[in-house]
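Please look at the two chains together before reading on.

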Amino acid sequence: MMRNTIAGNNKAPDSASALAIELKDVTVVLGGKKIIDIPAFKVNSGEALMIIGPNGSGKTTLLQSLALLVKPSTGQVIYRGEPVHDSRQILALRRRISVVFQEPLLLSGTVWDNVTLGLKLRSVEKDEIKPRVEKWLKRFGVIELAKRQARTLSGGEAKRVSLARAFALDPEVIFLDEPFTALDSPTRQKLLEDFESVLRETRVTTVMVTHEHNEALALGDRIAVIMNGSIVQMGAPQEIFTAPANEEIANFVETGNILHGTVSENSEGLATITIGQHEMDTCCELKPGNSAILLIPYDDITLMLSNPEDHTTSARNRFPGKVVKMFPTGSQMRVMVDCGFPLTALITRRSAEEMGLKEGSAVVAAVKAVSIHVISRH
Amino acid sequence: MDLILEGIIQAFKLLFQGDPEVWRVTGFSLVVSFSATAISLIVGVSVGTVIGLTRFWGRRFLVSLINTGMGAPPVVVGLIVSLFLWRSGPFGIFHLMYTPYAMIIAQFIISLPIIMGFTVASIQQIDPKLRMQITALGASNLQMVRLLLTEARLPLLAAVMAGFGSIISEVGASMMVGGNILGQTRVLTTAIVLENSKGQFGMAIALGIILMILVYLVNLILTVVQQRSKVR
């Protein structure tokens, strides 16, 4: 799960000035229901922060609170060290940021009218508007659509225009709420690539809500996981996807097999966990008798055809089993193996072909102890 | 049958000969109805926008009152305006009864709920997410209202058509508060009633044709503007 970050910097800021936005004890109550309850939340300057979470978890409300579009019921929003109070201040701050919503939300008029609108509302000098708009329409590949009526554009074109409109404002922070949804796969992929290159180039502070884990991995310097209105984990993408803080997050990020067991032995950090009739070596600090949840990433499982005794391998865990189901996912093959407990492995399609794997094939699944993330089960 | 035929022939004679009384009544009708529509537009769009954009206690009741007002019978409006402007009424001191001003007031009251009701509906039909996008672009409250009215211009033009149409063709209120005084408060509709009662069908038909043409022309212009806006 190697990745390149946008800003290439996961370090925590060492001063308040490095903070773009901060939430302190923020709650948002709508219709008598508490939508979010965030004791503390920080967005660092120059980072790309992804917010992920299940449907209805409060992602959008959190984004809108950060973007000063929803007034918190309690608590404080702090923008670059300054607490946000009155409506005049809010308007002034809104004019320093930009927001891209799930739908392009273009107004009537031409593409040009739409992209210039925010600049006009912010009283940007006339001479400055034209080059800025041209630059961003070109950057997102829609300059030739400048004279088209915005409401006659295709979904992909409209999204590009909405992104150009947001970047033309030269914002200090850009907020995006699932901006690549409702697009066909190739269009989405191309737009994502263009967007990623723009982020790399501008290094603008970015907060983005997404339900696509791949987007979060590709674009994020950090990821915040929100569930039931609370931030349950925040950290580097690698950490979120390989070491989720609890079973709920592990289930949500869905990057590996989740197994339940009990620690039977622990010798200097090498713990043996019993799963039914089987034992698995892991690296963790849990004590014997502790219940544990094991997360084994799909792509950390190696499948072998012959008897494991024939191979010398550093993988401490080897389980013979039978392939029960196989189905392709892109260039890879998802192979489900019954080892007395279910294990799913992700291998390349070429490997599957070369091994001649098919349903019913006898295989051995090997897992390194260090690849298993263990969570204490309370 | 002869009566109708003779009436139509006489009407065309009056139209093509350019009878001064016909054109004076026509001009006066337009002045009164355009004035009332313009005032209703200013008040109705402003108040309708505020009602459409805000939430307050009693809002639903207010909207239901506006909707009821959209169907208010002109004679009832005429009666109420008469009571207020009558010499001994609350505004009797202004001596407005049987003047063009009284007619404009009555027509304003008839068209106001129509324009206000249409405005409330057209502002409400704008996607709330679009409002949020405009806010996010950095619009002040005034800029927001301007942009929303631009977005709602098609239903607003329909509001103007409906408002103007309702008053150029009403007769009850104009008759009651204007008095149908020759050269002073006679408009197309009241003149048609009078000529009809006198048996002057030629004149009544001529005025009727002009009234229909006027209503058509105003709606044609607004429709062209509306459809052009739609294409844009």
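Helices (DSSP runs of H or I, at least four residues) and strands (runs of E, at least two) are numbered from the N terminus. This is a predicted model, in which local features need pLDDT of at least 70 and side-chain atom pairs count only at pLDDT 80 or more, while totals for chains, interfaces and linings use all residues. Residues are numbered from 1 along each chain as its sequence is written, chains are lettered from A in the order in which they are written, and side-chain values use heavy atoms, with hydrogens and water left out.

With these names in hand, turn to the lining of the largest pocket, where H2(A) supplies the largest share, 5 residues. Strand S4 (74–79) of chain A and both H6 and H7 of chain B also supply at least two residues each.

Where do the two chains meet? In this model 19 residues of chain B are in contact (heavy atoms within 4.5 Å) with 22 residues of chain A. On the side of chain B that touches chain A, the elements giving two or more residues are helix H6 (128–136) and helix H7 (141–151), and H6(B) gives the most, with 7 residues.

Charged side chains take part as well, for the rule finds 2 salt bridges across the interface of chain B and chain A (a side-chain nitrogen of Lys or Arg within 4 Å of a carboxyl oxygen of Asp or Glu). The side chains of Glu151(B) and Arg151(A) meet in a salt bridge, with 2.7 Å from N to O.
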